[in-house]
Amino acid sequence: MEQQLNSRIISRGKEFFGSISGEKPSLFNKGAWMGKVMDWSMQNEQFKIQMFRFVDVFPTLTNGRLLTDHIREYFGEEKDMPPFLSTGARVAGMFGSLGGAVLGKAISANIQEMARQFIVGENTREAVKNLEKLRREGFAAVVDVLGEATLSEKEAEEYVATYLELLESLQKEQEKWDGLAGKGGDRRLDWGHAPKVNIAVKPTALFCLANPQDFEGSVAAIMARMERILLKTMELGGFLCIDMESYRHKEIILEVYRRLRLKHRDYPHLGIVLQAYLKDNDKDLAELLAWGRKNGVQLSVRLVKGAYWDYETVKAMQNDWEIPVWTIKAESDAAFERQARMILENHDICHFACASHNIRTISSVLETARELGVPEDRYEFQVLYGMAEPVRKGILKVAGRVRLYCPYGDMVPGMGYLVRRLLENTANESFLRQSFAEDAQVERLLEDPQMTAERERSTRDGKPKRERPGVGGLPPFENMTMVDFTRADHRAAFPKAIAEVRGRLGRTYPLHIGGTEIITKDVIPTVNPAKPSEVLGQICQAGISEVEQAIAAAKAAFPAWRDTAPEKRAEYLMKAAEIARRRIFELSAWQVLEIGKQWDQAYADVAEAIDFLEYYAREMIRYGKPQRVGHAPGELNHYFYEPKGLAAIIAPWNFPLAISMGMASAAIVTGNPVVFKPSAITGIIGHQLAEIFGEAGLPAGVFNFTPGRGSVMGDYLVDHPDISLIAFTGSMEVGLRIVERAARVHQGQPNVKKIIAEMGGKNAVIIDDDADLDEAVPHVLYSAFGFQGQKCSACSRLIVLDAVYDRFMERLLAMARATTVGPAEDPAHYMGAVADDKAMKSILEYIEIGSKEGKVLYMSPTPEGEGYWVPMTIIGDIRPEHRLAQEEVFGPVLAVMRAKDFDQAIEWANSTRFALTGGIFSRSPEHIARARRDFRVGNLYINRNNTGALVERQPFGGARMSGVGTKAGGPDYLLHFMDPRVFTENTMRRGFAPVEADDDWVI
Ligand SMILES: Cc1cc2nc3c(=O)[nH]c(=O)nc-3n(C[C@H](O)[C@H](O)[C@H](O)COP(=O)(O)OP(=O)(O)OC[C@H]3O[C@@H](n4cnc5c(N)ncnc54)[C@H](O)[C@@H]3O)c2cc1C
């Protein structure tokens, strides 16, 4: 930054600080309850977590018992609480204590008071009254309607209606308001140039299924509702600003703005928020300005730093995406100054709203605008209502144009907003905290952020990186990066890959046995389940003689493969992973067509296959090193593993690449040659294993591809005496049949067969009485109906506590109604076709059974014409003994049960033969702990969907009738494919024993 300008900014900042010296924002006033909460939170991280989580759950604590239980669970007994939490109650107690009830009342009153600090009113009347009060103090406002997350069309419509009603009231009120004083010429407007009515709208509240995967559908749906609000705003000459939310929706929001801007090109008062903390923002802003200039439209940008910093960093790290935000606070500050300048330089086409509470940032905008000679009507300042009162007063003094961002509405969504504000203000990096709670040096607070950023970058670069050790010289295992539909290239890749794959339909896929391709006369077509007349390919079928050939080839390959070094075997898997990574969009496209997976589900399947390859490669290197056991001198004991023998891999169609690859690669890397039988309906995807392992150069006979009819070769393969291990994933009936048949020892059989079976599930999700419904509803819908509910992990029983049943179900059903069923290749559809006609028939029968046992609450429409369509179905009034609560349906049918309390919910959740996955939505620490102990499933998920286990992070598998207790993608899995051996050598010769480093020895 130019030195002189920086000096002027610093003097302006000092002047600013001088003008407000001695004043504190009410947030940090330790005399009040909120100030005490802030003070404790800043000193004690654990208290901060508990307090903010409590504020979050608070609106659901609608009776005395819930309230007192949660106070105890979050803060302990009264004696353990910070004094200010319980003081009110103690004082009240002196006049006759009612115990927890008094404490509850005191805390409730204080939290509500705290929320009121940031919310201009709970209803329109209250809001308008307070807005008038603010106007009398000289402040303009931008009004925002608080809302719960929008989960249905109905909720989106209600949100629009609230805005229309608000605008209606403001239309009348504004007639009575004098314009705020300013230098502009029009006395009817604020400051002589700005509309008196100014609203902000959260775009995702206008469409519950906003999702970058369905970019066009999301833009169109948001735009339609936004336009209705805009038209009303235009009617009263108001200003509408489109708020910016999380990064996931940024491109959608920008597109909505551009389209609306063009459509109503002559109306100047339409703005958008841009976030300086985004690394993309320099480019986004430059492009928007260039676009505005090219199209000859007026723009308005409110520049903020951004409100979702923690969320964005955590989400990106969880998905291995590049972190979209700057990670050094001063980088966001510097970006803000840079971008503010860019807007001010373009003030002829872009109006600027500087939204910050940071005195350095504000001073920089003031001085830059002055240097560039920007007219006053081209920029203004905005701050949040309830925060930084001294700052807003200070700006009013120097600039005169301050607008307060005023949320109004219900307490429930208000609490979410409150938590965000509390987090923002207690963050170590917060300018307000540093200025008013920690009294940091003014010089440091006003330093050029570019310099601060450079200094901090070099300190960070100098620090040693935290490295996780890998095995065998490999980098440590990382899950495959998730598909990122915020990226235009990822969005474009799917239609492109699907079109390419369509150009290759109709091929014949041979068997692969002992390194040779074999074409059989017997072939089975595989088809697109959304359009069965579309034949994708012909799959050659192995009969008994081909199975014999495959077993012979595997047997021949076994000795050499067994004796191949584990590192070498692992290398083949790493090569295979590389090949699959290169082909990831193509492989995903095949899944969309052959089994009807939605884009994201298809990509996740291929990514999981890659994860298995990478993970098991490393696991084998780890197990491949003999382990010394015991420490007695003069004796060497080595514990090590060897493969069991020939492996039959029998795979399902629902994760046609991931599960197949997982089971096959585990067998291969541990040294067991494989005879692989894919599912008949996903033969092309099955063949991809042969292609990938072939290209990876796996020796002949180690992987044999033998698709075939179960009735012809299924039992034959299982019974074969040369098969030593069977890895199976599929239904309980088939799994148990394999277990039973494999127990029989046949003539010439050298080994007792080992079975690794992952079978069904009847997975329950519990909705507790304090659950966050904004989170629970979409997660349950996704867990139950993602990929048409055809996952063994899918939620098929929903147990809702009586206290929240009506509200939860109303929202769940409304969200279900917003979704559509149709071909998976079109990302607008939430659900696609089911696997085949057999599955369709069986699911429809279960819907019939369920509709007799309970009451159908929802059954979606399905497309006309061909395709294996089954409606999204939700059936209520189900009891634990019903068939719909006991039998696996494996399709989009959700059985709903109403439980009287949490104990009953847990009892019902455990009341089936299965134990695969489960979930609970709860904010009660005690209930979460209870579920951890008593909800007996293989994979239990708290406050998230109960599908989508990731390799290494959530090793997957169940017990009881869900499987034999193995965990795919976990640290023990490979052990099931090997036998341990021990080698013991007496190292003492003639009384002399070599000393090993870890011997127990005479000291
Ligand atoms: C009128 C108004 C409207 C708003 N509308 C929106 C909106 O539509 N969308 C939205 O997202 N936000 C919005 N905000 C919220 C706004 O993003 C935050 O209030 C703002 O970021 C706080 O910045 P500051 O300059 O006041 O404070 P400062 O304390 O100077 O900055 C805090 C900000 O720095 C950033 N930050 C924190 N830690 C780091 C780090 N380690 N590395 C990099 N950056 C970091 C974060 O953005 C954080 O919020 C709005 C704010 C106002 C005043």
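This is a predicted model: local features need pLDDT of at least 70, side-chain atom pairs count only at pLDDT 80 or more; totals for chains, interfaces and linings use all residues.
A polar contact is a pair of N or O atoms within 3.5 Å. A polar atom in the side chain of Arg 302 is 3.0 Å from a ligand nitrogen, and a polar backbone atom of Ile 328 is 3.3 Å from a ligand nitrogen. On its own the ligand would expose 950 Å², and the protein buries 94% of that area.

In total 30 residues surround the ligand, and the closest are Gly 306, Ser 332, Ser 356, Glu 424 and Phe 431. By class, the shell has 14 nonpolar, nine polar and seven charged residues.

The next topic is empty space. Rolling a probe the size of a water molecule over the atoms shows where such space is left. The structure holds five cavities of 30 Å³ or more. The largest cavity has about 80 Å³ of space. Its lining has 13 residues, and those closest to the centre are Gly 789, Lys 791, Ala 794, Ser 796 and Phe 890. Six residues of this lining are nonpolar, five polar and two charged.

The second largest cavity has about 60 Å³ of space. Among the residues that line it are Leu 131, Trp 177 and Lys 196. Helix 7 (124-136) and strand 1 (140-145) each give two or more residues to this lining, which divides into six nonpolar, one polar and two charged residues.

Key:
Residues are numbered from 1 along each chain as its sequence is written. Side-chain values use heavy atoms; hydrogens and water are left out. On a 1 Å grid over the protein atoms alone, a cavity is a set of points where a 1.4 Å probe fits but cannot get out, and a pocket is an open set with protein on both sides within 12 Å along at least five of seven lines; lining residues have an atom within 4 Å of a point. Grid points are joined across faces, edges and corners, and a volume is the space filled by probe spheres set on the points. Ala, Val, Leu, Ile, Met, Phe, Trp, Tyr, Cys and Pro count as nonpolar, Asp, Glu, Lys and Arg as charged, and the others, Gly among them, as polar. Helices (H or I, at least four residues) and strands (E, at least two) are DSSP runs, numbered from the N terminus. A residue is near a molecule or strand if one of its heavy atoms lies within 4 Å of it. A polar contact is a pair of N or O atoms within 3.5 Å; within protein, one must be able to donate a hydrogen and the other to accept it, and residues adjacent in sequence count only if both atoms are side-chain atoms. Accessible areas come from the Shrake-Rupley method with a 1.4 Å probe; for residues, only the protein chains shown count as cover.
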